[in-house]
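I opened my notebook for a quick look at charges and how they pair. Here is what I looked up, entry by entry.

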Amino acid sequence: PEVLAQHAGFLVTRGELEPALAAYRAALAARPDYADGWTALGSTLLLRGHADEALAAHDRALALAPAH
């Protein structure tokens, strides 16, 4: 999952947000307890203007890693 998340981060830097979202979701499907992945997904969703989904992803990250 970490490699997928790193690839997604690269896609975000290129402005390829939809493929990045797909990569983050694939990483999280493989490892749903990956707090960093939820944080990154939330940030990317926010860039796309999906505030409610972004908040839910960030909430999930905090539930998994409260000190995150």
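I started with the charges: the mean positions of the 5 positive and 8 negative charges of the protein chain lie 4 Å apart. I counted Lys and Arg as positive and Asp and Glu as negative, leaving out His and the chain ends. I placed each charge at NZ of Lys, CZ of Arg, CG of Asp or CD of Glu.

A note on the source: this is a predicted model, where local features need pLDDT of at least 70, side-chain atom pairs count only at pLDDT 80 or more, and totals for chains, interfaces and linings use all residues. Residues are numbered from 1 along each chain as its sequence is written, and side-chain values use heavy atoms, without hydrogens and water.

Next I looked up the salt bridges (a side-chain nitrogen of Lys or Arg within 4 Å of a carboxyl oxygen of Asp or Glu). The structure holds 5.

I found Arg31 bridged to Glu2 at 2.4 Å, N to O. Arg31 sits in the loop between α2 (17-30) and α3 (35-47) and Glu2 in helix α1 (residues 2-13), so the pair ties together parts 29 residues apart in sequence. Helices here are DSSP runs (H or I, at least four residues), numbered from the N terminus. Glu2, Arg31 and Asp33 are linked in a salt-bridge network.

I then found Glu53 bridged to Arg25 at 3.6 Å, N to O. Glu53 lies in helix α4 (residues 51-64) and Arg25 in helix α2, so this pair ties together parts 28 residues apart in sequence.

Conventions:
Helices (H or I, at least four residues) and strands (E, at least two) are DSSP runs, numbered from the N terminus.
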